[in-house]
Amino acid sequence: MADFGFNEHHQNEAINYIHFARSKRALRLKTIDSCFQDLKDSRLMEETYTVDEVSEMLDGLQILVRGEVEMELINTAHTNVLLLRQLFSQAEKFYLRLQTDISELENRELLEQVAEFEKTDFKPNSKVNQEFSMPKLAPLNEGGVSELLQKEISRLKEENEKLKARLKTLETQAMSALDQKSRAERALRDLQKNQGDQQEIANLEGTVAAMQTDFEKTLNANMASQKDLQDNLVSAKHDLLRIQEQLALAEKELEKKFQQTTAYRNMKEILTKKNEQIKDLRKRLQRYESDE
């Protein structure tokens, strides 16, 4: 693992922290000294003491000193956590992930170097400061920040391209769904129209059947007046012509809409049968006119 010396900025930060730690340590030592002094002033008034009295004084002193030392150790641990929090927060701004090696905190060699560094009274050009070194935590070189930012920009661009591709896929799927919806609506309209045409054809067939029935009744009635019969024949011929025209139009419509379908073939057979019936009626009319 490579070593490095403190640069000016890091050295100043280290000096500030050691000053802070030294002041806290000195304050706590003064408190401990005051515990001993209080014991001397308040309890050591006699020339001789029994074993129990000495044991009682030492127990009380132990409680006081223990409390002060424990408080100092707890405060030091909490202070170090706050210091780490500051370092981690600053590193996160540059997308860095710092890692600590707890085992290095008990490295006697490094601890001795720190102690020697403090003894030099923080002289910048001292030999100890120049030789003082510890493992790197991932230092930033001059281009480190820009390189990290460039990597983050590249990552964001790549993610943006993925989102654009995803959006394009969704747009394509949406357009396909709209197209399928339009085709389904057109098919539904065509189906409804075809159903309407089929109903119209059924009505027309009913009309033709009714007219044929009436016509047959007219023929079987043996009307007394030839003029009335002729008028009825002319009217029937006109109706037949009109029906033929309607049937012709219906066939054309059906041929356009129902070509190559079972419905078309069935309807065509029905119309053919109707035409045969009409021809048969004509022949019967001709025979009837000849008889008359």
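Modeller: Quick ground rule for this predicted model: a patch is built from residues with over 30% relative accessible area and no salt bridge, with like charges joined within 9 Å. On that basis E46, E47, D52, E53, E56 and D59 gather in a negative patch on the surface.

Colleague: Why is D59 called partly exposed?

Modeller: D59, in helix α2 (residues 51-93), has 41% relative accessibility. Partly exposed runs between under 20% for buried and over 50% for exposed, so D59 with its 41% counts as partly exposed.

Colleague: And what makes up the patch of positive charge?

Modeller: That one gathers K237, K279, R282, K283, R284 and R287. Helix α7 (residues 262-291) gives the largest share, five residues. R284 sits in helix α7 and, at 31% relative accessibility, is partly exposed.

Colleague: How do you know that E72 forms a salt bridge with R28?

Modeller: The cut-off is a side-chain nitrogen within 4 Å of a carboxyl oxygen. For E72 and R28 the closest N and O atoms are 3.1 Å apart, so the pair meets that definition. E72 is in helix α2 and R28 in helix α1 (residues 8-43), so the pair ties together parts 44 residues apart in sequence.

Colleague: Why are E72 and R28 called buried?

Modeller: Buried means under 20%. E72 comes in at 15% and R28 at 16%, so both count as buried.

Colleague: What about E158 and K162, how far apart are their closest N and O atoms?

Modeller: They are 3.9 Å apart, and the two form a salt bridge. K162 has 56% relative accessibility, so K162 counts as exposed, while E158 is partly exposed at 47%.

Note on methods. Residues are numbered from 1 along each chain as its sequence is written. This is a predicted model: local features need pLDDT of at least 70, side-chain atom pairs count only at pLDDT 80 or more; totals for chains, interfaces and linings use all residues. Side-chain values use heavy atoms; hydrogens and water are left out. Patches are made of residues with over 30% relative accessible area and no salt bridge: like charges are joined within 9 Å, nonpolar side chains (Val, Leu, Ile, Met, Phe, Trp, Tyr) within 5 Å. Accessible areas come from the Shrake-Rupley method with a 1.4 Å probe; for residues, only the protein chains shown count as cover. Lys and Arg count as positive and Asp and Glu as negative; His and the chain ends are not counted. The place of a charge is taken as NZ of Lys, CZ of Arg, CG of Asp or CD of Glu. Helices (H or I, at least four residues) and strands (E, at least two) are DSSP runs, numbered from the N terminus. Buried means under 20% relative accessible area, exposed over 50%, partly exposed in between (1.4 Å probe, protein chains only).
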